[in-house]
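Let's talk aromatic rings, one question at a time. Have the sequence and model open as you go.

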Amino acid sequence: MTGDVLLSVEDLTKDYPWGLLWLKHKRVLHGVSFSVSQGEITALLGHNGAGKSTTFKILMGFLRADGGRVLYRGEPLSRKARSYIGFLPENPAFYDYLTGRELLRFTAELFSLKRFEGRIDHLLRLVKMEEAANLPLKQYSNGMDQRLGVAQALVSNPELLILDEPLDGLDPEGRQILRNLIVDLKEEGKTVLYSTHILQDAERISDRAVILVKGKTVKEGRIEDLLGGETSEYEVSFKGLREAPPGAKGRWQLRGDTLYGILEKEEEVQPLVQECLRRGGQVLSLVPLRRTLEEIFMELKDESNGSRG
């Protein structure tokens with residue numbers, strides 16, 4: 001049922017040994033906590049080194065947490081529960097001499113699946129790789145590798161898909177294809193948890209977001225709640241004017257025959273529009289601008305740096 005909590009991460013901590021003879025320890029996760037709801041897309045956001053991949057490795061059992069716990073459907077995450085999870089690691093490396101179809105067959109055999117050819121055909125169509133299915137993987141681009149990686153993570157028909165930086169290193173077209181694919185997976189009934197540091201992409205396709213800064217959860221919630229309904233600025237544009245009226249506040253720029261202005265306060269808008277109309281200007285647009293995830297992330301990062309300084 002959409003909205004039910006599928007995965008709960010509670011106060012995860014992780015230390016790595018370092019220094020001479022690894023006698024010291026460096027904490028990389030400082031109590032990471034978040035939840036993933038069934039049937040939704042959740043983005044784990046943070047700069048490189050924020051702890052995203054370490055968190056995923058703990059979820060998949062590749063690393064052992066030093067503290068905290070992970071629950072799957074309210075029960076401790078077990079080996080059996082992990083069989084319901086599909087995983088795409090960051091920068092996946094496949095056998096170059098296999099074709100895309102052969103890799104999916106190999107994955108299906110690892111899961112001891114039977115009569116899997118129909119599912120492989122479906123997955124190749126889903127990730128739009130039918131035409132490249134019989135090419136050797138050494139001929140694949142980064143974007144093709146990522147799409148095939150998603151397909152192999154789906155071979156066992158998992159209910160939760162964890163993708164580590166699936167959009168990283170792709171050109172704009174490749175990112176768009178992967179974004180659309182993630183949305184398609186949701187429409188197929190999958191739950192998706194993915195990490196990224198590309199905040200514009202997360203804002204476009206995610207239902208929820210978790211923001212990590214220096215190994216700690218600093219914000220979590222639905223995208224619309226994080227962004228809020230507040231308007232941070234107002235953009236206005238006019239025809240018939242070459243410059244802003246004397247004394248006008250805000251930032252102004254003439255591009256071609258259109259004058260653009262950015263105003264910070266709502267009470268400044270109406271008097272400015274009236275004055276521009278009086279001077280013979282024609283209003284082309286008046287658009288309230290809301291905050292972005294990038295702005296929120298930078299504020300939280302600055303606050304974290306200040307609190308630890």
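Q: Is Tyr97 buried or exposed?
A: A quick note: this is a predicted model, where local features need pLDDT of at least 70, side-chain atom pairs count only at pLDDT 80 or more, and totals for chains, interfaces and linings use all residues. Residues are numbered from 1 along each chain as its sequence is written, and side-chain values use heavy atoms, with hydrogens and water left out. Buried means under 20% relative accessible area, exposed over 50% and partly exposed in between, with a 1.4 Å probe and protein chains only. Tyr97 has a relative accessible area of 65%, so the label is exposed.

Q: How many aromatic pairs does a search of the whole structure find?
A: Rings of Phe, Tyr and Trp (its six-membered ring) pair if their centres lie within 6.5 Å; planes under 30 degrees apart are stacked, over 60 edge-to-face, the rest tilted. By that rule, the whole-structure search gives five.

Q: Which kind of pair do Phe238 and Trp252 form?
A: Phe238 is buried at 0% relative accessibility, while Trp252 is partly exposed at 24%. Their ring centres are 6.4 Å apart with 25° between the planes, and that makes the pair stacked.

Q: Over which ring does the charged end of Arg255 sit?
A: The test wants NZ of Lys or CZ of Arg within 6 Å of the ring centre and within 35 degrees of the ring normal. Here the charged end is 3.9 Å from the centre of the ring, which belongs to Tyr260.
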